[in-house]
Amino acid sequence: MKARPATPDSRRLIMQFIKRQGEATAGEVAEHLGVTREGARQQLQLLEAEGWIARCGHQAAEGAGRPAVSFQITPAGDHMFPKNYDALSMTLVDAVADQLGQEALVKLLASITEQQVRLWEPRLAGKTLPERIKALKGIYFEEDPHTSVRKDARGYTLVERNCPFLNVAMRRPQLCSITLNTLTRLLGVRVVRDERFQDGDRRCVFRVLEDQPVAADHPFTLEEPAARAA
């Protein structure tokens with residue numbers, strides 16, 4: 001019997017089956033989908049090559065033959081399944097503010113900022129301000145293709161076109177203060193937002209104010225709400 005070609009739908013069904021089972025062999029996948037073992041094996045190889053599944057051991061073979069290879073979902077593949085991080089993040093932020101007060105929320109955001117600063121400081125050691133700004137393109141993702149550095153008559157800006165926390169940031173904009181304070185601390189000068197996703201700008205533009213230096217222990221501050229035109 002000729003193996004059926006791999007399709008996105010069948011590969012999605014394979015991943016769902018492996019997710020439910022914990023791990024599965026080509027034979028088990030073939031039986032579940034009603035395809036040949038060779039067809040299941042080809043699709044598993046494609047999923048493995050793309051990093052969505054990985055081999056996790058061997059099961060005893062039925063009768064003669066080599067033990068069957070088992071596959072499981074990788075951490076990358078697990079992200080393809082529904083998650084509810086946004087709701088959890090907002091619940092945590094609201095719980096801190098409601099139960100412990102705004103001051104406790106500010107302390108929490110300041111603590112996260114400190115962690116970010118400690119993480120980045122060794123990477124920026126010995127770099128000039130322009131070099132630091134360029135390096136901080138990757139503040140969210142390494143080699144982030146959606147964040148760019150620009151320089152105009154007013155100085156440098158970091159232009160972010162893809163916010164990885166957009167859903168949460170739109171509803172709880174105070175969380176964006178973490179990025180502003182982290183950039184300010186790491187660059188040693190004040191950073192403000194000229195444009196914001198929250199204002200319908202479809203991007204965030206962080207302006208580096210080179211003429212406004214700050215101390216190494218510059219205190220955490222919440223971003224001021226954007227001024228609205230009358």
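Biologist: How many aromatic pairs does the count come to?

Modeller: In this predicted model, the count comes to one aromatic pair. Rings of Phe, Tyr and Trp are paired if their centres lie within 6.5 Å. The pair here is Y140 with F165, at 5.6 Å centre to centre.

Biologist: What is the geometry of the pair formed by Y140 and F165?

Modeller: Planes over 60 degrees apart count as edge-to-face. For Y140 and F165 the angle between the planes is 80 degrees, and the pair is edge-to-face.

Biologist: Which parts does this pair tie together?

Modeller: Y140 sits in the loop between α7 (129-135) and β4, while F165 sits in the loop between β5 and α8 (166-171), so the contact links parts that are 25 residues apart in sequence.

Biologist: Now the sheet. In what order do the four strands stand, and is the pairing parallel or antiparallel?

Modeller: Strands of a sheet pair through backbone hydrogen bonds, and the sense can be parallel or antiparallel. Here four strands make an open sheet, ordered β4-β5-β7-β6, with antiparallel pairing.

Biologist: Which strands stand at the edges?

Modeller: The edge strands are β4 (147-152) and β6 (189-195); each has a single partner strand, so one side of each lacks a neighbour in the sheet. On average, neighbouring strands of this sheet are turned by 25 degrees against each other, direction ignored.

Biologist: How many bridges hold β5 and β7 together, and how many join β6 to β7?

Modeller: Strand β5 (residues 155-160) pairs with strand β7 (residues 204-213) over four bridges. Among them, E160 has C204 as its bridge partner in β7, and T157 has R207. Between β6 and β7, which also run antiparallel, there are six bridges. V189, for instance, has P213 in β7 as its bridge partner.

Biologist: Where does helix α9 lie relative to the strands?

Modeller: Helix α9 (residues 177-187) lies across β5, β6 and β7, and its direction makes about 145 degrees with β6.

Biologist: How many cavities of 30 Å³ or more does a search of the whole structure find?

Modeller: The search finds one. The volume of the largest cavity is about 60 Å³.

Biologist: Which residues line the largest cavity?

Modeller: The lining consists of L136, K137, I139, Y140, T147, L158, E160, T179, L183 and F206. By class, six are nonpolar, two polar and two charged. At least two lining residues come from β5, and at least two from α9.

Key:
Residues are numbered from 1 along each chain as its sequence is written. This is a predicted model: local features need pLDDT of at least 70, side-chain atom pairs count only at pLDDT 80 or more; totals for chains, interfaces and linings use all residues. Side-chain values use heavy atoms; hydrogens and water are left out. Two strands pair if DSSP finds at least two bridges between them. Axes are lines fitted to C-alpha atoms, for helices over the stretch in contact, and angles run from 0 to 180 degrees between N-to-C directions. Contact means heavy atoms within 4.5 Å. On a 1 Å grid over the protein atoms alone, a cavity is a set of points where a 1.4 Å probe fits but cannot get out, and a pocket is an open set with protein on both sides within 12 Å along at least five of seven lines; lining residues have an atom within 4 Å of a point. Grid points are joined across faces, edges and corners, and a volume is the space filled by probe spheres set on the points. Ala, Val, Leu, Ile, Met, Phe, Trp, Tyr, Cys and Pro count as nonpolar, Asp, Glu, Lys and Arg as charged, and the others, Gly among them, as polar. Rings of Phe, Tyr and Trp (its six-membered ring) pair if their centres lie within 6.5 Å; planes under 30 degrees apart count as stacked, over 60 as edge-to-face and the rest as tilted.
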